[in-house]
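Open the model in your viewer and keep the selection tool at hand. We will go stop by stop.

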Amino acid sequence: MSVAVLGAGAFGTALAISLAGNGFVTLWARSAEHAIHMENSRENSARLPNVPLPPAISVTSDIKDVEAADIVLLAVPMQKLRAALTEHASNLAGKTLVVCCKGIELTTGLGPISVVRQTIPNASPALLTGPSFADDIARGLPTALTLACGDADLGKVLQTELTTANLRLYRTTDVIGAELGGALKNVIAIGCGAAIGAGLGDSARAALLTRGFAEMQRFALMRGAKTDTLMGLSGLGDLVLTCSSELSRNYRFGLCLGQNRPFDTHTTVEGVATARAMAEIAVAEGLDMPISVTVADLSHGAYSVPQAIQSLLNRPLKEE
Ligand SMILES: NC(=O)C1=CN([C@@H]2O[C@H](COP(=O)(O)OP(=O)(O)OC[C@H]3O[C@@H](n4cnc5c(N)ncnc54)[C@H](OP(=O)(O)O)[C@@H]3O)[C@@H](O)[C@H]2O)C=CC1
Ligand SMILES: O=C(CO)COP(=O)(O)O
């Protein structure tokens, strides 16, 4: 089956490089200039520098090339997904669409699969998520991800088609659990980065990671996710990776908050909008999500790090 990747950012490019080991891949960028530069230089110097594009990748800005593919991977930031799908709805109608973004849409509180269902109702949606840095995948380092698809038979097909020499896919039909694990871990990673940035130490990070995971489970189970999914690659696996590595943009954003340093506003930091979406849902549903709500406030400058720490430490004592 032919594969196209819509979105030539760091992750889309990395997935295209890995999938090129299986056969021809179309990598679509919205900017014609960017596409031509990548096609000629055989590198995505803007988003994923120093990794050559294999010959099996064709970079294009012509959406008709995406339309020709059987499977389309959607690798744009969560808050841009609806606009991208709406713009290209007629080209993507009826296709198998594998969303690769991690987050909750701020304006609706929906995850990526629901956004696909709303914008392109006759598409077959799936989700690719789990612990993986674009740079690791692009350099061929071994990575394990979760392929979530509500249609179990299609999930098996996609698992086979999208597994590569270095990318091992596990499958699940628990789309909600996989979506929420990937979205919520970014929020906790910002908190962990802030703790380390502020010099609070590794013990504080472990506490935030663990209690943050309890919040992730509370939120996801309320939305119908399965505990096993949260315990897997798309939940705990990605949480551990993102909370412990400076390769993570969410973690680095948190580090800057903790150190009171500015952060490049052009960098994709999914956890900022997702923290806000999550906090709004938590308040509406009466869910106790103190770390996530604190990260939302911190990320938008409503709290300083010392205020955030005080508010978390001064909460009433409770059972674990
Ligand atoms: N980077 C990583 O290590 C990983 C990322 N992910 C997830 O993948 C998703 C994308 O992240 P990543 O690739 O890193 O982000 P980047 O910031 O590297 O790239 C985002 C890409 O999306 C494109 N884009 C933005 N808006 C639109 C639009 N409306 N239509 C078409 N294209 C658009 C941008 O185009 P332009 O350049 O023209 O602005 C850019 O190419 C995120 O949800 C992230 O959480 C998941 C796992 C790992
Ligand atoms: O999702 C990721 C790792 O699995 C990438 O994390 P960042 O978006 O924080 O860089």
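Is Arg42 buried, exposed or partly exposed? Select Arg42 and look around. This is a predicted model. Arg42 has 13 C-beta neighbours inside 10 Å, so Arg42 counts as partly exposed; to be buried, a residue needs 20 or more. Arg42 sits in the loop between α2 (32–41) and β3 (43–44). Now check the backbone. Phi of Arg42 is positive, about 55 degrees, although Arg42 is not a glycine. Most residues other than glycine have a negative phi.

**Next: Asn50**

Select Asn50, which is in strand β4 (residues 48–52). Here too phi is positive, near 70 degrees, in a residue other than glycine. Asn50 has 10 C-beta neighbours inside 10 Å, so Asn50 counts as exposed; the limit for that label is 12 or fewer.

**Next: the annotated domain**

Select residues 3–152. UniProt, in an unreviewed entry, gives this span the feature "domain: Glycerol-3-phosphate dehydrogenase NAD-dependent N-terminal". The span is 35% helix and 26% strand. Its end C-alpha atoms lie 20 Å apart.

**Next: the annotated binding site**

Which residues does UniProt place under "binding site"? The unreviewed entry names Phe11, Arg30, Lys102, Ala134, Arg249, Val269 and Glu270. Select them together. They are spread over 260 residues of sequence, and also in space, with up to 22.6 Å between C-alpha atoms.

Zoom in on two of them. Phe11 lies in helix α1 (residues 10–19). Phe11 is buried because 26 other C-beta atoms lie within 10 Å. Leaving out residues up to four places away in sequence, Phe11 touches Ala75, Cys100 and Ala134.

Ala134 has 21 C-beta neighbours inside 10 Å, so Ala134 counts as buried. With residues up to four places away again left out, Ala134 touches Ala10, Phe11, Ala14 and Leu48.

**Next: helix α13**

Select residues 249–259, which form helix α13. Why is α13 described as largely enclosed by the rest of the structure? Because nine of its 11 residues are buried. Among the buried residues are Arg249, Tyr251, Phe253 and Leu257. Arg249 was also on the binding-site list from UniProt.

Then step past the end of α13 to Asn260, where phi is positive, near 55 degrees.

**Next: α9 against α15**

Keep α9 and α15 on screen and hide the rest. How do the two helices cross? Their axes come within 9 Å and cross at roughly 70 degrees. That makes α9 roughly perpendicular to α15. The crossing is left-handed.

Show the side chains where they meet. From α9 come Val187, Ile188, Ile190, Gly191 and Ala194. From α15 come Ile291, Ser292, Val295, Leu298 and Ser299. By class, the contact has seven nonpolar, three polar and no charged residues.

**Last stop: Glu179**

Stay on α9 and select Glu179. Is Glu179 buried or exposed? Glu179 is buried, because 29 other C-beta atoms lie within 10 Å. Leaving aside neighbours within four places in sequence, Glu179 is in contact with Gly111, Pro112, Ile113 and Leu127. Finally, draw a distance from Glu179 to Ile104. These two are 75 residues apart in sequence and 8.5 Å apart in space, C-alpha to C-alpha.

Definitions and conventions
Residues are numbered from 1 along each chain as its sequence is written. Chains are lettered from A and ligands numbered from 1 in the order in which they are written. This is a predicted model: local features need pLDDT of at least 70, side-chain atom pairs count only at pLDDT 80 or more; totals for chains, interfaces and linings use all residues. UniProt positions are given in the numbering used here, feature names are shortened, and annotations may be inferred rather than shown by experiment. Helices (H or I, at least four residues) and strands (E, at least two) are DSSP runs, numbered from the N terminus. Two residues are in contact if their C-beta atoms, placed from the backbone, lie within 7 Å. Axes are lines fitted to C-alpha atoms, for helices over the stretch in contact, and angles run from 0 to 180 degrees between N-to-C directions. Angles under 35 degrees count as roughly parallel, over 145 as roughly antiparallel, 65 to 115 as roughly perpendicular and the rest as oblique. A crossing is left-handed if the near helix is turned anticlockwise from the far one by less than a right angle, and right-handed if clockwise. Ala, Val, Leu, Ile, Met, Phe, Trp, Tyr, Cys and Pro count as nonpolar, Asp, Glu, Lys and Arg as charged, and the others, Gly among them, as polar.
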